[in-house]
Amino acid sequence: MASEAERIIKNMSVQVTIEIFAEVIYVLRGVYHIGRDEIGQCLFEFLSEVTTPEPEVLKLGIETWH
């Protein structure tokens with residue numbers, strides 16, 4: 001499933017909302033106990049590969065949380 005998601009993200013235009021980013025953070029922290037630094041780095045990388053309605057707001061939110 002991860003390889004299919006990667007293929008779609010790399011080959012198509014994908015829009016991700018702020019709420020999806022929040023849910024990803026919630027799951028990675030709460031279920032998988034991944035640290036803020038690692039999550040922040042991954043989200044910035046992911047953000048460069050997708051579109052979002054308010055990228056600057058999202059970047060500021062990640063920086064503040066991270």
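One term before we click: a polar contact is a pair of N or O atoms within 3.5 Å; within protein, one must be able to donate a hydrogen and the other to accept it, and residues adjacent in sequence count only if both atoms are side-chain atoms. The model is predicted, so to speak of local features takes pLDDT of at least 70 and side-chain atom pairs pLDDT 80 or more, while totals for chains, interfaces and linings use all residues. Numbering starts from 1 along each chain as its sequence is written, and side-chain values use heavy atoms, with hydrogens and water left out.

Start with the cartoon. You'll see four helices and zero strands (DSSP runs of H or I, at least four residues, or of E, at least two, numbered from the N terminus).

Now select threonine 52, in the loop between α3 and α4. Is it buried or exposed? Threonine 52 is buried, at 11% relative accessible area (buried is under 20%, exposed over 50%, partly exposed in between, with a 1.4 Å probe and protein chains only). Its side chain reaches the backbone oxygen of valine 16 at 2.8 Å. Leaving out residues up to four places away in sequence, threonine 52 also touches Leu47 and Leu58, among others (contact means heavy atoms within 4.5 Å).

Hop to valine 16: beyond four places in sequence, its contacts include Phe21, Phe46 and Pro53.

Finally, select the largest nonpolar core, 10 residues including Val16, Phe21, Leu47 and Leu58 (buried Ala, Val, Leu, Ile, Met, Phe, Trp, Tyr and Cys joined through side-chain atoms within 4.5 Å). Colour by helix: α3 gives the most, three residues.
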